[in-house]
Amino acid sequence: MQKINVTIDWTDTNFSATTNEVGGAVIVTAKDLGKLNEEFKSAFDFHVEGCIEDGDDIPNWVVTGEYEFEYHYTTAALLHKYDGILSRAALARLSGINERQIGHYASGLKTPRPATRIKLINGLHQLGNDLMSVV
């Protein structure tokens, strides 16, 4: 099965999902991720139907539905998704990043530098590994 990359971002008051892998761009916004996934699938299907009607060159695996979406979160989207589930204080302890700075990243006011993003990801991976080791 083929994968279509979809980027999930946080844009001030909404999540957004974008891809430009098949005959143009598909962009959707929604307040929550469940609604975003539903609306993105619908918008993508509508886009593909339009491409087919227009005679655009669309891969057969898209036409036959032999694909799945692979979601990639920006730092702001990931932090916003877990805001209220994982406290910023906990994220600060996991990553070594200042709690206030994490708030700036979660709100989208600032974007972490690559090294800072890696520290955050490593902290979350460690948490995930610890949770997966529970017996």
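Q: At what angle does helix H3 run to E1?
A: This is a predicted model, in which local features need pLDDT of at least 70 and side-chain atom pairs count only at pLDDT 80 or more, while totals for chains, interfaces and linings use all residues. Helix H3 covers residues 75-82; helices (H or I, at least four residues) and strands (E, at least two) are DSSP runs numbered from the N terminus. Axes are lines fitted to C-alpha atoms, for helices over the stretch in contact, and angles run from 0 to 180 degrees between N-to-C directions. H3 lies across E1, E2 and E4, and its angle to E1 is about 75°.

Q: What pattern does the protein chain follow along the sequence?
A: Residues are numbered from 1 along each chain as its sequence is written, and side-chain values use heavy atoms, with hydrogens and water left out. The protein chain holds six helices and four strands. Their pattern along the sequence is β-β-β-α-α-β-α-α-α-α.

Q: In what order do the four strands form the sheet?
A: Two strands pair if DSSP finds at least two bridges between them. Here the sheet is open and the pairing is mixed. The edge strands, each pairing on one side only, are E3 and E4 (67-73). The twist averages 25° from one strand to the next, and the order is E3-E2-E1-E4.

Q: Which residue in E2 is the bridge partner of Ile 8?
A: Strand E1 spans residues 2-11 and pairs with E2 in the antiparallel sense. Five bridges hold this pairing. For Ile 8, the partner in E2 is Ala 17.

Q: Which residue in the hairpin of E1 and E2 takes a positive phi?
A: This hairpin has two residues between the strands. The phi in question is near 70°. The residue is Asp 12.

Q: Which residue in the turn between E2 and E3 has a positive phi?
A: E2 and strand E3 (residues 26-30) run antiparallel, joined by five bridges. Across this pairing, Thr 18 stands opposite Ile 27. Six residues lie between the two strands of the hairpin. The turn residue with a positive phi, about 60°, is Gly 23.

Q: Why does strand E2 count as largely enclosed?
A: Buried means under 20% relative accessible area, exposed over 50%, partly exposed in between (1.4 Å probe, protein chains only). Strand E2 covers residues 14-19. It is largely enclosed by the rest of the structure because the number of buried residues among its six is five.

Q: What is the relative accessible area of Asn 14?
A: Asn 14 sits in strand E2. Leaving out residues up to four places away in sequence, Asn 14 is in contact (heavy atoms within 4.5 Å) with Asp 9, Thr 29, Ala 30 and Lys 31. Asn 14 is buried, and its relative accessible area is 18%.

Q: How far apart are the axes of H4 and H6?
A: Helix H4 (residues 88-95) packs against H6 at an angle of about 100°. The two are therefore roughly perpendicular; angles under 35 degrees count as roughly parallel, over 145 as roughly antiparallel, 65 to 115 as roughly perpendicular and the rest as oblique. The contact residues include Leu 91 of H4 and Leu 120 of H6. The distance between the axes is 8 Å.

Q: What is the relative accessibility of Gln 126?
A: Gln 126 lies in helix H6 (residues 114-132). Its C-alpha atom is 9.3 Å from that of Ser 95, 31 residues apart along the chain. Gln 126 counts as partly exposed because its relative accessibility is 43%.
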